[in-house]
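Subject: Structure for your review

Dear colleague,

Please find below the structure that I am handing over to you. My findings follow it.

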Amino acid sequence: MCMNALPTFVNLQRKGVDICDVCQACGMEPEMNSHVFVKCEVDKRVWRCWLDCPTVLLNVNMNILDIAMEILESGTSSDLETFFGAAWAIWYNRNRIVYESSSQIPDLIWGFAKKYIFEFQSASTACSQNLSRSEGKWLAPSPGVFKINVDGATSGSEKNSSVGVVIRDAAGNIIAACCKYFQGHSLAEEVEALAMECGLLLAKEQKLPQIILESDALTTVTSVLAAEIGGSLGHIYQGILSLLASFSWKIKHVKREYNNAAHELAQSQSVHPLVVAANPLDPNQFAVGLTDGSVKVIEPTESEGKWGSSPPMDNGILNGRTASSSTTSNHTPDQTQR
Ligand SMILES: [Zn+2]
(Lines give C-alpha, C1' and ligand atoms only; values in the text may rest on other atoms or scores of the structure.)
Protein backbone atom coordinates (compact mmCIF):
# COMPACT_ATOMS: atom_id res chain seq x y z
CA MET A 1 0.00 0.00 0.00
CA CYS A 2 2.74 2.48 0.95
CA MET A 3 4.87 1.23 -1.96
CA ASN A 4 2.00 1.83 -4.39
CA ALA A 5 2.21 -1.82 -5.42
CA LEU A 6 -1.48 -2.77 -5.18
CA PRO A 7 -3.21 -3.71 -8.43
CA THR A 8 -5.31 -0.55 -8.76
CA PHE A 9 -6.72 0.11 -12.23
CA VAL A 10 -4.13 2.85 -12.85
CA ASN A 11 -1.29 0.49 -11.83
CA LEU A 12 -2.68 -2.32 -13.98
CA GLN A 13 -2.85 0.05 -16.96
CA ARG A 14 0.78 1.05 -16.35
CA LYS A 15 1.67 -2.62 -16.53
CA GLY A 16 0.01 -2.84 -19.93
CA VAL A 17 -3.31 -4.33 -18.88
CA ASP A 18 -6.05 -3.07 -21.19
CA ILE A 19 -8.56 -1.86 -18.63
CA CYS A 20 -10.70 1.17 -17.85
CA ASP A 21 -9.01 3.06 -15.01
CA VAL A 22 -12.09 4.77 -13.57
CA CYS A 23 -12.92 4.02 -9.92
CA GLN A 24 -15.87 1.64 -9.81
CA ALA A 25 -16.94 2.82 -6.37
CA CYS A 26 -17.63 6.43 -7.32
CA GLY A 27 -17.20 6.45 -11.09
CA MET A 28 -15.57 9.89 -10.84
CA GLU A 29 -11.78 9.63 -11.02
CA PRO A 30 -8.99 7.32 -12.15
CA GLU A 31 -8.46 4.65 -9.51
CA MET A 32 -4.96 5.30 -8.24
CA ASN A 33 -3.58 4.47 -4.79
CA SER A 34 -4.44 7.77 -3.11
CA HIS A 35 -7.91 7.73 -4.64
CA VAL A 36 -8.72 4.21 -3.41
CA PHE A 37 -7.71 4.94 0.17
CA VAL A 38 -8.41 8.62 0.80
CA LYS A 39 -9.90 10.67 -2.01
CA CYS A 40 -12.79 8.49 -3.13
CA GLU A 41 -16.13 9.83 -1.85
CA VAL A 42 -17.05 6.34 -0.65
CA ASP A 43 -13.89 6.17 1.50
CA LYS A 44 -14.40 9.60 2.96
CA ARG A 45 -17.62 8.35 4.51
CA VAL A 46 -15.63 5.55 6.16
CA TRP A 47 -12.95 7.93 7.46
CA ARG A 48 -15.64 10.19 8.96
CA CYS A 49 -16.36 7.33 11.38
CA TRP A 50 -12.88 7.85 12.88
CA LEU A 51 -13.91 10.47 15.38
CA ASP A 52 -10.61 10.81 17.26
CA CYS A 53 -8.36 10.71 14.20
CA PRO A 54 -5.17 12.62 15.12
CA THR A 55 -4.82 14.24 11.69
CA VAL A 56 -6.98 15.76 8.93
CA LEU A 57 -7.55 12.85 6.58
CA LEU A 58 -10.26 14.37 4.45
CA ASN A 59 -9.40 16.67 1.58
CA VAL A 60 -5.69 16.05 1.96
CA ASN A 61 -3.39 16.02 -1.00
CA MET A 62 -0.81 13.62 0.33
CA ASN A 63 0.23 10.13 -0.65
CA ILE A 64 -0.35 7.18 1.70
CA LEU A 65 3.19 7.21 3.09
CA ASP A 66 2.95 10.93 3.98
CA ILE A 67 -0.36 10.34 5.75
CA ALA A 68 1.09 7.39 7.69
CA MET A 69 4.08 9.50 8.76
CA GLU A 70 1.83 12.35 9.85
CA ILE A 71 -0.36 10.01 11.90
CA LEU A 72 2.70 8.60 13.60
CA GLU A 73 3.95 12.12 14.30
CA SER A 74 0.75 13.55 15.76
CA GLY A 75 -0.79 10.31 17.06
CA THR A 76 0.24 6.99 18.52
CA SER A 77 1.26 3.64 17.05
CA SER A 78 -2.26 2.51 17.88
CA ASP A 79 -3.60 5.29 15.59
CA LEU A 80 -1.34 4.01 12.85
CA GLU A 81 -2.78 0.51 13.34
CA THR A 82 -6.26 2.00 13.04
CA PHE A 83 -5.29 3.77 9.82
CA PHE A 84 -3.90 0.65 8.16
CA GLY A 85 -6.67 -1.54 9.57
CA ALA A 86 -9.33 0.74 8.10
CA ALA A 87 -7.39 1.07 4.84
CA TRP A 88 -7.30 -2.72 4.59
CA ALA A 89 -11.08 -2.87 5.16
CA ILE A 90 -11.53 -0.23 2.42
CA TRP A 91 -9.40 -2.27 0.01
CA TYR A 92 -11.39 -5.40 0.91
CA ASN A 93 -14.63 -3.53 0.14
CA ARG A 94 -13.14 -2.21 -3.11
CA ASN A 95 -12.45 -5.81 -4.18
CA ARG A 96 -16.03 -6.77 -3.39
CA ILE A 97 -17.25 -3.92 -5.60
CA VAL A 98 -14.92 -4.88 -8.45
CA TYR A 99 -15.20 -8.68 -8.35
CA GLU A 100 -18.51 -9.40 -6.62
CA SER A 101 -20.52 -6.30 -7.54
CA SER A 102 -21.45 -5.85 -3.90
CA SER A 103 -20.55 -3.21 -1.37
CA GLN A 104 -20.86 -2.55 2.33
CA ILE A 105 -22.10 0.66 3.93
CA PRO A 106 -19.35 2.87 5.51
CA ASP A 107 -20.47 2.06 9.08
CA LEU A 108 -20.02 -1.66 8.43
CA ILE A 109 -16.63 -1.15 6.78
CA TRP A 110 -15.50 0.84 9.81
CA GLY A 111 -16.94 -1.76 12.22
CA PHE A 112 -15.16 -4.53 10.32
CA ALA A 113 -11.88 -2.58 10.57
CA LYS A 114 -12.26 -1.97 14.31
CA LYS A 115 -12.96 -5.66 14.95
CA TYR A 116 -10.02 -6.65 12.77
CA ILE A 117 -7.66 -4.29 14.65
CA PHE A 118 -8.94 -5.47 18.02
CA GLU A 119 -8.32 -9.12 17.08
CA PHE A 120 -4.86 -8.23 15.75
CA GLN A 121 -3.96 -6.40 18.98
CA SER A 122 -5.25 -9.25 21.18
CA ALA A 123 -3.26 -11.80 19.17
CA SER A 124 -0.11 -9.64 19.38
CA THR A 125 -0.45 -9.36 23.16
CA ALA A 126 -0.94 -13.12 23.52
CA CYS A 127 2.14 -13.71 21.34
CA SER A 128 4.36 -11.42 23.38
CA GLN A 129 3.15 -13.05 26.61
CA ASN A 130 4.02 -16.50 25.24
CA LEU A 131 7.41 -15.16 24.22
CA SER A 132 8.20 -13.88 27.70
CA ARG A 133 7.09 -17.17 29.20
CA SER A 134 9.44 -19.13 26.95
CA GLU A 135 12.23 -16.70 27.86
CA GLY A 136 11.70 -17.79 31.45
CA LYS A 137 13.06 -21.23 30.65
CA TRP A 138 16.58 -22.24 31.44
CA LEU A 139 18.67 -22.02 28.29
CA ALA A 140 21.35 -24.59 27.68
CA PRO A 141 24.86 -23.26 26.98
CA SER A 142 26.69 -23.96 23.71
CA PRO A 143 28.55 -27.29 23.41
CA GLY A 144 31.72 -27.25 25.48
CA VAL A 145 30.39 -24.54 27.76
CA PHE A 146 29.02 -25.30 31.23
CA LYS A 147 26.36 -23.26 32.90
CA ILE A 148 26.56 -22.67 36.64
CA ASN A 149 23.34 -21.55 38.31
CA VAL A 150 23.82 -20.31 41.82
CA ASP A 151 21.51 -18.98 44.46
CA GLY A 152 21.71 -18.00 48.07
CA ALA A 153 18.89 -18.01 50.59
CA THR A 154 18.47 -16.83 54.13
CA SER A 155 15.86 -18.37 56.41
CA GLY A 156 12.89 -16.34 57.51
CA SER A 157 14.40 -15.67 60.92
CA GLU A 158 17.72 -14.86 59.19
CA LYS A 159 19.48 -17.07 61.68
CA ASN A 160 21.02 -19.22 59.04
CA SER A 161 21.50 -19.30 55.33
CA SER A 162 22.45 -21.62 52.56
CA VAL A 163 23.65 -21.67 49.00
CA GLY A 164 22.78 -23.92 46.11
CA VAL A 165 24.74 -24.62 42.94
CA VAL A 166 23.80 -26.60 39.86
CA ILE A 167 26.19 -27.06 36.95
CA ARG A 168 24.79 -28.28 33.64
CA ASP A 169 26.22 -28.99 30.23
CA ALA A 170 24.95 -28.16 26.75
CA ALA A 171 22.57 -31.13 26.83
CA GLY A 172 21.14 -29.96 30.14
CA ASN A 173 22.69 -32.86 32.07
CA ILE A 174 23.61 -32.06 35.65
CA ILE A 175 27.39 -32.26 35.92
CA ALA A 176 27.62 -31.33 39.57
CA ALA A 177 25.46 -29.93 42.32
CA CYS A 178 26.29 -28.57 45.70
CA CYS A 179 24.60 -27.27 48.82
CA LYS A 180 26.20 -25.45 51.70
CA TYR A 181 24.64 -24.45 54.94
CA PHE A 182 25.88 -21.53 57.02
CA GLN A 183 24.97 -20.87 60.62
CA GLY A 184 24.71 -17.34 61.86
CA HIS A 185 23.20 -14.19 60.45
CA SER A 186 24.31 -13.24 56.95
CA LEU A 187 23.23 -10.46 54.66
CA ALA A 188 21.43 -11.52 51.49
CA GLU A 189 24.16 -10.00 49.33
CA GLU A 190 26.82 -11.89 51.24
CA VAL A 191 25.00 -15.20 50.79
CA GLU A 192 24.58 -14.53 47.05
CA ALA A 193 28.30 -13.83 46.75
CA LEU A 194 29.12 -16.98 48.70
CA ALA A 195 26.86 -18.93 46.34
CA MET A 196 28.91 -17.66 43.39
CA GLU A 197 32.15 -18.56 45.10
CA CYS A 198 30.79 -22.02 45.87
CA GLY A 199 29.73 -22.50 42.24
CA LEU A 200 33.13 -21.47 40.95
CA LEU A 201 34.93 -23.74 43.42
CA LEU A 202 32.81 -26.66 42.25
CA ALA A 203 33.46 -25.84 38.59
CA LYS A 204 37.17 -25.56 39.26
CA GLU A 205 37.10 -28.92 41.01
CA GLN A 206 35.46 -30.33 37.87
CA LYS A 207 38.18 -28.72 35.72
CA LEU A 208 35.58 -27.06 33.50
CA PRO A 209 37.31 -24.72 31.05
CA GLN A 210 34.46 -22.54 29.84
CA ILE A 211 31.63 -21.41 32.05
CA ILE A 212 28.61 -19.15 32.24
CA LEU A 213 27.76 -18.15 35.78
CA GLU A 214 24.11 -17.23 36.33
CA SER A 215 22.73 -15.57 39.44
CA ASP A 216 19.49 -13.76 40.17
CA ALA A 217 21.28 -11.30 42.45
CA LEU A 218 21.82 -8.18 40.37
CA THR A 219 23.94 -6.39 42.99
CA THR A 220 26.27 -9.35 43.27
CA VAL A 221 26.61 -9.70 39.50
CA THR A 222 27.39 -6.01 39.03
CA SER A 223 29.79 -5.97 41.99
CA VAL A 224 31.78 -8.84 40.47
CA LEU A 225 31.76 -7.27 37.01
CA ALA A 226 32.90 -3.96 38.49
CA ALA A 227 35.53 -5.78 40.61
CA GLU A 228 34.36 -4.05 43.78
CA ILE A 229 36.93 -5.31 46.20
CA GLY A 230 36.85 -2.32 48.54
CA GLY A 231 33.60 -2.81 50.48
CA SER A 232 32.67 -5.01 53.41
CA LEU A 233 32.25 -7.99 51.06
CA GLY A 234 35.40 -7.14 49.15
CA HIS A 235 37.21 -10.23 50.37
CA ILE A 236 34.51 -12.49 48.88
CA TYR A 237 34.53 -10.62 45.55
CA GLN A 238 38.31 -10.82 45.54
CA GLY A 239 38.01 -14.60 45.96
CA ILE A 240 35.45 -14.82 43.15
CA LEU A 241 37.66 -12.79 40.82
CA SER A 242 40.71 -14.96 41.44
CA LEU A 243 38.60 -18.09 40.89
CA LEU A 244 37.28 -16.63 37.62
CA ALA A 245 40.86 -16.33 36.39
CA SER A 246 40.92 -20.12 35.94
CA PHE A 247 38.10 -20.05 33.39
CA SER A 248 36.98 -18.55 30.17
CA TRP A 249 33.87 -17.02 31.70
CA LYS A 250 30.72 -14.96 31.43
CA ILE A 251 28.47 -13.76 34.23
CA LYS A 252 24.79 -13.18 33.68
CA HIS A 253 22.00 -11.81 35.79
CA VAL A 254 18.83 -13.84 35.38
CA LYS A 255 15.39 -13.33 36.82
CA ARG A 256 14.42 -15.55 39.73
CA GLU A 257 12.33 -18.00 37.70
CA TYR A 258 15.26 -18.61 35.31
CA ASN A 259 17.35 -19.87 38.17
CA ASN A 260 14.95 -22.44 39.54
CA ALA A 261 17.25 -25.40 40.05
CA ALA A 262 19.76 -23.56 42.21
CA HIS A 263 17.03 -21.71 44.04
CA GLU A 264 15.33 -24.99 44.87
CA LEU A 265 18.54 -26.36 46.35
CA ALA A 266 19.18 -23.22 48.39
CA GLN A 267 15.59 -22.91 49.58
CA SER A 268 15.22 -26.55 50.46
CA GLN A 269 18.27 -26.36 52.65
CA SER A 270 17.30 -23.15 54.38
CA VAL A 271 13.94 -24.58 55.37
CA HIS A 272 14.92 -28.20 55.87
CA PRO A 273 18.53 -29.23 55.42
CA LEU A 274 18.95 -31.44 52.37
CA VAL A 275 19.20 -35.10 53.15
CA VAL A 276 22.28 -36.60 51.59
CA ALA A 277 22.56 -40.33 52.05
CA ALA A 278 24.91 -42.96 50.81
CA ASN A 279 23.50 -46.14 49.38
CA PRO A 280 24.20 -48.83 52.05
CA LEU A 281 25.04 -51.35 49.30
CA ASP A 282 27.10 -48.97 47.18
CA PRO A 283 28.79 -46.24 49.19
CA ASN A 284 29.85 -44.49 45.97
CA GLN A 285 26.28 -43.69 45.20
CA PHE A 286 24.55 -40.86 47.00
CA ALA A 287 20.96 -39.93 47.21
CA VAL A 288 19.99 -36.30 47.61
CA GLY A 289 16.52 -35.68 48.91
CA LEU A 290 14.84 -32.43 47.97
CA THR A 291 11.98 -30.86 49.87
CA ASP A 292 9.62 -31.34 46.93
CA GLY A 293 9.87 -35.06 47.58
CA SER A 294 12.12 -35.92 44.67
CA VAL A 295 15.26 -37.93 45.24
CA LYS A 296 18.28 -37.69 42.98
CA VAL A 297 20.87 -40.41 42.91
CA ILE A 298 24.31 -39.24 41.94
CA GLU A 299 27.65 -40.92 41.39
CA PRO A 300 31.21 -39.71 40.80
CA THR A 301 32.64 -39.97 37.30
CA GLU A 302 34.69 -43.05 36.48
CA SER A 303 37.81 -40.97 35.78
CA GLU A 304 37.86 -39.68 39.33
CA GLY A 305 37.83 -43.18 40.69
CA LYS A 306 35.64 -44.26 43.53
CA TRP A 307 35.16 -42.11 46.55
CA GLY A 308 36.61 -43.35 49.81
CA SER A 309 34.73 -46.51 50.63
CA SER A 310 36.61 -47.54 53.71
CA PRO A 311 35.75 -46.97 56.44
CA PRO A 312 32.09 -46.84 55.43
CA MET A 313 29.99 -43.78 56.13
CA ASP A 314 28.16 -43.64 59.43
CA ASN A 315 25.01 -45.67 58.92
CA GLY A 316 24.86 -44.47 55.35
CA ILE A 317 23.79 -40.94 56.17
CA LEU A 318 26.04 -37.99 55.54
CA ASN A 319 25.73 -34.87 57.56
CA GLY A 320 23.27 -32.76 55.66
CA ARG A 321 24.30 -29.66 57.57
CA THR A 322 27.73 -29.39 56.08
CA ALA A 323 28.98 -28.97 52.57
CA SER A 324 28.05 -31.77 50.28
CA SER A 325 29.00 -31.80 46.67
CA SER A 326 28.23 -34.49 44.25
CA THR A 327 29.02 -35.39 40.73
CA THR A 328 27.17 -37.30 38.11
CA SER A 329 28.71 -39.26 35.35
CA ASN A 330 28.44 -37.18 32.21
CA HIS A 331 28.32 -40.00 29.70
CA THR A 332 25.14 -41.71 30.78
CA PRO A 333 21.94 -40.42 32.22
CA ASP A 334 22.57 -42.07 35.56
CA GLN A 335 20.92 -39.36 37.54
CA THR A 336 17.79 -41.15 38.54
CA GLN A 337 14.72 -39.76 40.12
CA ARG A 338 12.75 -41.96 42.38
ZN1 LIG B 1 -13.75 6.51 -6.20
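Which residues of H7 are buried? They are Val 191, Glu 192, Ala 193, Leu 194, Ala 195, Met 196, Glu 197, Cys 198, Gly 199, Leu 200, Leu 202 and Ala 203. A residue is called buried if 20 or more other C-beta atoms lie within 10 Å of its own, exposed if 12 or fewer, and partly exposed in between, with C-beta atoms placed from the backbone. Helices (H or I, at least four residues) and strands (E, at least two) are DSSP runs, numbered from the N terminus.

Two remarks on conventions apply throughout. Residues are numbered from 1 along each chain as its sequence is written. The model is predicted: local features need pLDDT of at least 70 and side-chain atom pairs count only at pLDDT 80 or more, whereas totals for chains, interfaces and linings use all residues.

Overall composition

The chain has 10 helices and 11 strands, and 30% of its 338 residues count as buried. Two residues are in contact if their C-beta atoms, placed from the backbone, lie within 7 Å. Among contacts between residues at least 6 apart in sequence, 63% join residues at least 24 apart.

Helix H7 and the cores

After H7 comes Lys 207, with a positive phi near 55°.

A nonpolar core is a set of buried Ala, Val, Leu, Ile, Met, Phe, Trp, Tyr and Cys residues joined through C-beta atoms within 7 Å. The largest one has 34 residues, of which Val 150, Val 165 and Ile 167 touch the most other members. At least two residues each are supplied by strands S1 (146-154), S2 (160-168) and S3 (174-183), and also by H7, S4, H8 and H9. H7 gives the largest share of this core, 9 residues. A second, separate core of 19 residues includes Val 46, Ile 64, Ala 86 and Ile 90.

Strand S1

In S1, 9 of the 9 residues are buried, so the strand is largely enclosed by the rest of the structure. One side carries Phe 146, Ile 148, Val 150, Gly 152 and Thr 154, and the other Lys 147, Asn 149, Asp 151 and Ala 153. Strands pair if DSSP finds at least two bridges between them. S1 pairs with S4 in the parallel sense over 5 bridges, with Ile 148 opposite Leu 213. With S2 the pairing is antiparallel over 8 bridges, and Lys 147 stands opposite Arg 168. Beyond four places in sequence, the contacts of Val 150 include Val 163, Ala 195, Leu 213 and Ala 262.

Helix H8

H8 (residues 218-225) has Thr 220, Val 221, Ser 223 and Val 224 buried. These cover an arc of only 165° around the axis (taken from the directions from the helix axis to the C-beta atoms), which puts them on the same side of H8. The face turned away from that side carries the exposed residues Leu 218, Thr 222 and Leu 225. The cover over the buried residues includes H7 (188-205), S4 (210-215), H9 (234-244) and S5 (248-253).

Thr 82

Thr 82, in helix H5 (residues 77-100), counts as buried because 21 C-beta neighbours lie inside 10 Å. Leaving aside neighbours within four places in sequence, Thr 82 is in contact with Trp 50 and Ile 117.

Kind regards
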